[in-house]
Amino acid sequence: MKDFKSSSWIQDPIQPKELLLSVKDLRVSLQTSRGQAEALRGVSFDMQRGETLGLIGESGCGKSLTALAIMGLLPERSKVMGSVQLNGIELTQMNDAALCKMRGARMAMIFQEPMTALNPLHPIWKQIAEPLQLHQGMSVQAAKARALELLERVQLPQARKRLDAYPHQLSGGQRQRVMISIALACKPDILIADEPTTALDVTVQKEVLTLIHQLVTEDGMGLLLISHDLGLMRDQVKRVMVMYGGSVVESAPTEDLFQMRVHPYTQGLFAARPKLGLKRGTRLQTIPGQVPEIFNWPTGCAFSERCSFTEKSCTDSFPQLESVGFNAQQQPVSSQPKRWVRCLKWQKLEMSS
Amino acid sequence: MSVSNILLEVRGVSQQYNLPKTALFAKAEKLQALYKVDFQLLAGKSMGIVGESGSGKSTLARLVMALEKPTAGQVFFKGQDLNALAPDQLREVRSQFQMVFQDPYGSLDPRQKILRILSEPLHSVGQTSDGLHASNNVHLTPKLTRQDLQDRATQALTEVGLRASDLDKYPHEFSGGQRQRIAIARALITRPSLIVADEPVSALDVSVQAQVLNLMMDLQDRFGLSYLFVSHDLAVVSLMCDDLLVLQQGRVVEAGTADKIFTNAQHPYTKALLAAIPGNSEIAF
């Protein structure tokens, strides 16, 4: 892919690899009691095989919805426009039966709360064996044996004894390991992890993240990691996309983003986070106002109501993602597309580093 | 340090729970939720309680709030042993310590308007001198008129940055951050000297979390409040608290000033907690 037009913009410019997932102008509108809500407003990105990509943002920005739209798990009455292609196969037009063959086999998802995602009535081996029997036609015995291998691979202690355990007999971290082994059972091409460690304790969190990282690297899977935790992104993914108001507002290689933020929202988000080592009583920087409601986006830029740089032009039209680059003196230059920002005035902003 | 300066003292507190019986004739097992916890909190200072789930943080918060009796040890609030007080006296002292919970969706009654939610603590703590039980008397507290309640509630709301017109709304009309402000206003309305906050910002988004933390710090400066701040987030605790208590399986494994613990943790468990913070490899970004 040598073509960096607006639709296919997120990729490693140095090493073109095999394109795994391509999302183009994805729009989702939800039917709510208060009318149609444009929940996703044109999300586009590409992921190469083996790439790790992070989605970050606050509640209501559309990050989980992006994941659900890719998986085909949106509520029934929602409308999807745009395109999602996995290995070149279009997913948005697929019927349910065909999608079922993809889910669990080619793409898999780990959810935030393993207790609600697991079935409390089935022993864990059955839940791990299910995708194997369904997608790979394994016999019960073979699937059970494979389930044991998988549990050992996710380092569940005493895996053999635990095969017949029920979810309630496991701790939160152990349940999340079971979830991971279910997701990995059929060696999917892409793993979507939606806040996989938010419900876990910090020390367990680290173990689970290290495990996901290790497995993803071993199998060469693509990882789409969704989180609201900036620190976690820094350790886990190569590229981060910041979402606000149903669209991506900034996208950059993780290291670059942690060095410098361009979009005013990204700047605000980073500044608001308490960091270790702040003096006691230091007031945190806040973003004024609140996240707008999804039925009621401001015209133009979604962040315009809260942004201190807003001018009239900001509220006139919805800004496009622009490729952004800087020279050594931090002067804006047009460059190879590594960073994208959805702000009309990025060239005039002060960058925060 | 004068003795009168001590707002809260927890002395040798242990708490044991009976687990459900697993077999008909076997003895029920016991869970030692807290084991001999000691600490002192000075007026106007804040104490952070850190630990993972099951470490006894919330049990300690409930004991300090006198919602449970410890199996051993005492909790002193301004020199009074909370568990030795008569119910009437306890109700009176209760106006001086209030609690803010983690989940701003679960802690506000969805069927009550904000005015009612905010004035509830005034009904239930203030009016015991004439022998009336507060619970029988929710609408007709003798000392406070409806106008008084309205005024106090308005004042509390303005202190947390909401408007007087919000008094007639229901909790569902507010966002998570606003609800947590309402919960803080409800805690403030009795003019307490101690607020026990059990994970008050962990359910909130980063930018909203910053607003609520700033508010809590402002209120502390204005009213000389003390916080007992229960959290698993070390960065938040370091910002809010003077002293720290690290709990592991019901025992205090490390205690001291926040600065000392963050720069020079001694216990392996504290070190593990610090090392586990995502992105902590390079803190300063």
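**View 1. Where chain A meets chain B.** The contact brings together 33 residues of chain A and 29 residues of chain B, where two residues count as in contact if their C-beta atoms, placed from the backbone, lie within 7 Å. This is a predicted model, in which local features need pLDDT of at least 70 and side-chain atom pairs count only at pLDDT 80 or more, while totals for chains, interfaces and linings use all residues. Residues are numbered from 1 along each chain as its sequence is written, and chains are lettered from A and ligands numbered from 1 in the order in which they are written. On the chain A side, the elements giving two or more residues are α8 (202-219), α9 (230-236) and α11 (264-272); helices (H or I, at least four residues) and strands (E, at least two) are DSSP runs, numbered from the N terminus. The top contributor there is α9(A), with five residues. Sorted by class, that side of chain A has 11 nonpolar, 12 polar and 10 charged residues (Ala, Val, Leu, Ile, Met, Phe, Trp, Tyr, Cys and Pro are nonpolar, Asp, Glu, Lys and Arg charged, and the others, Gly among them, polar).

View 2. Six of the six residues of β9(B) (residues 243-248) are buried, so the strand is largely enclosed by the rest of the structure. Buried here means 20 or more other C-beta atoms within 10 Å of the residue's own, with C-beta atoms placed from the backbone. One side of β9(B) carries B:D243, B:L245 and B:L247, the other B:L244, B:V246 and B:Q248. Strand β3(B) (residues 46-50) runs parallel to β9(B), joined by four bridges, and B:M47 sits opposite B:D243. Strands pair if DSSP finds at least two bridges between them. With β10(B) (residues 251-257), β9(B) pairs in the antiparallel sense over six bridges, and B:L245 stands opposite B:A255. Their hairpin has two residues between the strands, and B:Q249 takes a positive phi near 45°.

**View 3. Helices α5 and α6 of chain B.** The axes of α5(B) (residues 176-188) and α6(B) (residues 206-223) come within 9 Å and cross at roughly 20°; axes are lines fitted to C-alpha atoms over the stretch in contact, with angles from 0 to 180 degrees between N-to-C directions. The two helices are therefore roughly parallel, the word for angles under 35 degrees. Among the residues making the contact are B:I184 and B:L188 of α5(B) and B:L215 and B:L219 of α6(B). By class, this contact has six nonpolar, four polar and one charged residues.

Methods: A residue is buried if 20 or more other C-beta atoms lie within 10 Å of its own, exposed if 12 or fewer, and partly exposed in between; C-beta atoms are placed from the backbone. Angles under 35 degrees count as roughly parallel, over 145 as roughly antiparallel, 65 to 115 as roughly perpendicular and the rest as oblique.
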